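Let's take a walk through this fold, starting with a sheet and ending with some aromatic rings.

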Amino acid sequence: MKTIIVNKDAPVLREIAKPVAIGDIKGKKIQDILKRMKIALKREDDGVAIAAPQIGESLRIFVVSGRVVSLINQNSEQKETFPDIVYINPEIIKYSKKKKGVEEGCLSVRWLYGLVERSEKVTIRAYDEQGKKFTKGASGLQAQIFQHEVDHLNGILFIDKAENIENLPPRPKKKKNEKRN
Ligand code: ZN
């Protein structure tokens with residue numbers, strides 16, 4: 001069965017997603033959802049992250065593509081691949097006061113793009129797919145992704161906050177640097 005990424009009018013995108021019981025993380029239900037999220041994300045050439053509500057599951061989970069590591073290191077020419085990283089019950093525990101307007105798009109809001117104010121740096125706390133708690137600091141693209149994805153878990157879409165929204169359907173030939181969450 002093909003996992004569909006729901007579009008912006010789906011009610012599930014407007015729900016406050018439910019926390020995952022830590023004891024359930026290693027269970028079949030959650031592991032299957034993680035698998036489906038990774039497959040759906042990989043299918044989108046320009047995808048950098050996906051939140052569980054985007055595949056119709058109202059749970060506090062998002063996955064960041066290994067592609068992001070390549071984008072950050074600007075070594076996209078390299079063939080090396082990096083693993084996707086899972087964030088379960090994520091909480092942003094620190095935001096930098098300094099914010100920046102950044103260009104954003106979304107796999108559920110094709111093909112709109114706009115400018116969103118995001119903190120330049122954040123610290124996130126979450127559980128990984130083994131149920132182990134971790135804390136991570138991030139800046140730039142990764143910090144932006146964390147904020148976009150946590151918004152998804154709270155029923156918020158980037159178009160709720162964006163300015164200068166434009167509709168930019170893909171041209172036949174894709175730009176290499178395009179990325180969506
Ligand atoms: Zn999104």
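Which helix lies across β4 and β5? That's helix α3 (residues 140–153), and it runs at about 105° to β5. Angles here go from 0 to 180 degrees between N-to-C directions, with axes fitted to C-alpha atoms, for helices over the stretch in contact, and contact means heavy atoms within 4.5 Å. Helices (H or I, at least four residues) and strands (E, at least two) are DSSP runs, numbered from the N terminus.

Quick housekeeping: this is a predicted model, where local features need pLDDT of at least 70 and side-chain atom pairs count only at pLDDT 80 or more, while totals for chains, interfaces and linings use all residues. Residues are numbered from 1 along each chain as its sequence is written, and side-chain values use heavy atoms, leaving out hydrogens and water.

Now the sheet: it's open, with three strands in the order β4-β5-β8 and antiparallel pairing (strands pair if DSSP finds at least two bridges between them). β4 (99–104) and β8 (163–167) each have a single partner strand, so one side of each has no neighbour in the sheet. Between β4 and β5 (residues 112–119) there are six bridges, and V102 sits opposite V116 in β5.

On to the rings. The structure holds four aromatic pairs (Phe, Tyr or Trp rings, using the six-membered ring of Trp, with centres within 6.5 Å; planes under 30 degrees apart are stacked, over 60 edge-to-face, the rest tilted). F62 and Y87 have ring centres 4.7 Å apart and planes at 20°, so they're stacked. F62 and F146 have centres 6.0 Å apart and planes at 45°, so that pair is tilted. F62 is in strand β2 and F146 in helix α3, so the pair ties together parts 84 residues apart in sequence. Both F62 and F146 are buried (under 20% relative accessible area, with exposed over 50% and partly exposed in between, using a 1.4 Å probe and protein chains only).
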